[in-house]
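Keep the 3D view open and click along as you read.

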Amino acid sequence: MPAVFVHGNPETAAVWEPLLAELAAVRSDMVCLSPPGFGAPLPAGFGATQADYRDWLVKELMAFGEPADLVGHDWGGAHVVNVVLSRPALVRSWASDVLGIYDPGYEWHELARRWQTPGAGENDVAARFGGTAEERAGALVERGMSRQVAARVAAGQDEAMGRAVLALYRSAAEPGALGLGSELERAAARPGLAVLATADGVVGTEEQRHRSAARAGARSAVLEGLGHWWMTEDPAAGAAALTEFWETIR
């Protein structure tokens, strides 16, 4: 029964390393899956839309031959939810830190809107992923990622990631484009955990996140004072939340 971790943007699997180190005492079956373009090659013809990443994750999970405990962060958290909604038989349990984006009142943050804007988005990713590794790491640290992890993530950022960023955000730009979660109540078919880092300002308001967690039938783990990269800020707290959740379904 693997525990499968899926990261988001603009990241590589290195973002999970502090958390996995904390969890090593309780699980020996942990696997990180890197979405195409985000630490893994971006294949020719891969559209990098929400649906494309959902289908990619479905294929990866089928290869395990047994239901997985899914853990998703950022867009990885959305990919996890979209799989639970479409192929629940592949999932034993799930955890996501972005449920607030599925609330009908959610509005994209400023950087997402920039990536969704032709011209401005291309200019941003060219600058963001075109500098030196040190510059890229510095930008991640400014946004809240721990310095050691930021250096490892920055090493995997490249032009292909920039293209994937634009395609993914633009696939969710129009009103209602997050409709893959319009029937979020169906996520209750499998035990779920909403990870609520209280200082994360890009995944919806506190009310939106709690409302979506209730719709999805998910438990909530509140990580007080932690931000978007909670797994690098206080990996022990994140590990404790996941371990407690997993113990409820064994």
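1. Start with the crossing of helix 6 and helix 7, which is right-handed. This is a predicted model, by the way. Helix 6 covers residues 133-142 and helix 7 covers residues 147-154; their axes sit 8 Å apart and the packing angle is about 135 degrees.

2. Helix 6 brings Ala133, Arg136, Ala137, Leu140 and Val141 to the contact, while helix 7 brings Arg147, Ala150, Ala151, Val153 and Ala154. Sorted by class, the residues of this contact are eight nonpolar, no polar and two charged.

3. Next, have a look at helix 2 (residues 50-62) and helix 3 (residues 75-86). Their axes cross at roughly 70 degrees and come within 9 Å. That angle makes helix 2 roughly perpendicular to helix 3. On the helix 2 side you'll find Gln50, Tyr53, Arg54, Leu57, Val58 and Leu61, and they meet Trp75, His79, Val80, Asn82, Val83 and Ser86 of helix 3. Which classes turn up in the contact of helix 2 with helix 3? Count seven nonpolar, four polar and one charged.

4. Several residues of helix 11 are buried, among them Pro235, Gly238, Leu242, Phe245 and Trp246.

5. You'll find Ala160 in helix 8, residues 159-170. Is Ala160 buried or exposed? Its relative accessible area is 16%, and the cut-off for buried is under 20%, so Ala160 counts as buried. Setting aside neighbours within four places in sequence, Ala160 is in contact with Gly37 and Leu42. Glu122 is 38 residues away from Ala160 along the chain, and their C-alpha atoms are 12 Å apart.

6. Some backbone details are worth checking by eye. The peptide bond joining Asn9 and Pro10 is cis, with omega about -5 degrees. Pro10 belongs to the loop between strand 1 (3-6) and helix 1 (17-23).

7. Two other residues have a positive phi without being glycine. Ala48 has a phi of about 60 degrees; it lies in the loop between strand 2 (30-33) and helix 2, and it is buried at a relative accessible area of 3%. For Asp74, phi is near 55 degrees. Asp74 sits in the loop between strand 3 (68-72) and helix 3, and with 9% relative accessibility Asp74 is buried as well.

8. Finish with Arg186, in the loop between helix 8 and strand 5 (192-197). How does Arg186 count at 40% relative accessibility? Partly exposed. Arg186 and Leu99 are 87 residues apart in sequence, while C-alpha to C-alpha they are 13 Å apart in space.

Key
Residues are numbered from 1 along each chain as its sequence is written. This is a predicted model: local features need pLDDT of at least 70, side-chain atom pairs count only at pLDDT 80 or more; totals for chains, interfaces and linings use all residues. Side-chain values use heavy atoms; hydrogens and water are left out. Buried means under 20% relative accessible area, exposed over 50%, partly exposed in between (1.4 Å probe, protein chains only). Helices (H or I, at least four residues) and strands (E, at least two) are DSSP runs, numbered from the N terminus. Axes are lines fitted to C-alpha atoms, for helices over the stretch in contact, and angles run from 0 to 180 degrees between N-to-C directions. A crossing is left-handed if the near helix is turned anticlockwise from the far one by less than a right angle, and right-handed if clockwise. Contact means heavy atoms within 4.5 Å. Ala, Val, Leu, Ile, Met, Phe, Trp, Tyr, Cys and Pro count as nonpolar, Asp, Glu, Lys and Arg as charged, and the others, Gly among them, as polar. Angles under 35 degrees count as roughly parallel, over 145 as roughly antiparallel, 65 to 115 as roughly perpendicular and the rest as oblique.
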